[in-house]
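Subject: The structure, and what turned up in it

Hi,

Here is the structure I promised to pass on. Have a look at it first, then read my notes below.

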Amino acid sequence: MPAMILTSLVFAAALGSGLLAGLFFIFSNTIMSALARLPAAQGMAAMQSINVTILNPLFLAVFMGTSLLCLVLVAAVLLGWAGPNWGFVAAGGLLLLVGMFGVTMFFNVPMNEALVAATADSAGTTLWADYLSRWTMWNHVRTIASLGALAAFMAALMR
């Protein structure tokens, strides 16, 4: 793969990783804490609304586009096309694919789907309390993984 194309892909993956890290950070740092301060029914309703609203074309382009870029970059490393910075490129791609995309698909999305079906009765209130702690913990993982991917891609670009 020509160096200019690889550099452009790494740069785009760094931008996407940074956007995702910022999004996940604001959830971990602010949004989930704010929702936890609301009565359970209101917090649940707000998060249900967020989960619908976030699935918009711009978010999906960044989320899926960055994941696809990382898949291409990991493939480039495996095929020997990544050049001298292959370690940083592979690390960034794998961090994002496993720590952000994988965690989202296997942990956060199933919890979001369970929340959609919940009501504000006692079972829903129990689910909400569990959701707040577990969803936020996995969101911390996504934040750190996205930030780590950004750092790895920046390291690859600086070398």
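First, a term you'll need throughout: helices (H or I, at least four residues) and strands (E, at least two) are DSSP runs, numbered from the N terminus. This is a predicted model, where local features need pLDDT of at least 70 and side-chain atom pairs count only at pLDDT 80 or more, while totals for chains, interfaces and linings use all residues. Residues are numbered from 1 along each chain as its sequence is written, and side-chain values use heavy atoms, with hydrogens and water left out.

Now the pockets. A pocket is found on a 1 Å grid over the protein atoms alone, as an open set of points where a 1.4 Å probe fits, with protein on both sides within 12 Å along at least five of seven lines; lining residues have an atom within 4 Å of a point. The largest pocket comes to about 360 Å³ (a volume is the space filled by probe spheres set on the points, which are joined across faces, edges and corners). Its lining has 21 residues, and Asn51, Ile54, Leu55, Val109 and Asn112 lie nearest the centre. At least two lining residues come from each of α1, α2, α3 (57-78), α4 (86-117) and α5 (122-158), with α4 giving the most, 7 residues.

By class, that lining has 14 nonpolar, 5 polar and 2 charged residues. Here Ala, Val, Leu, Ile, Met, Phe, Trp, Tyr, Cys and Pro count as nonpolar, Asp, Glu, Lys and Arg as charged, and the others, Gly among them, as polar.

The second largest pocket has a volume of about 180 Å³. It is lined by 14 residues, and Leu6, Thr7, Ala82, Asn85 and Ala156 are the closest to its centre.

Next, how do α1 and α2 pack? Helix α1 (residues 3-36) and helix α2 (residues 40-53) meet at an angle of about 135°, their axes 8 Å apart. Axes are lines fitted to C-alpha atoms, for helices over the stretch in contact, and angles run from 0 to 180 degrees between N-to-C directions. Phe27, Ile31, Met32 and Leu35 in α1 are in contact with Gly43, Ala46, Met47 and Ile50 in α2 (contact means heavy atoms within 4.5 Å). That contact has 7 nonpolar, 1 polar and no charged residues.

Finally, find Thr143 in helix α5. Thr143 counts as buried because its relative accessibility is 12% (buried means under 20% relative accessible area, with a 1.4 Å probe and protein chains only). Beyond its neighbours within four places in sequence, Thr143 is in contact with Ala21, Phe24, Phe25 and Ser28.

Cheers

Note on methods:
Buried < 20%, exposed > 50% of the residue type's maximum accessible area, 1.4 Å probe, protein only.
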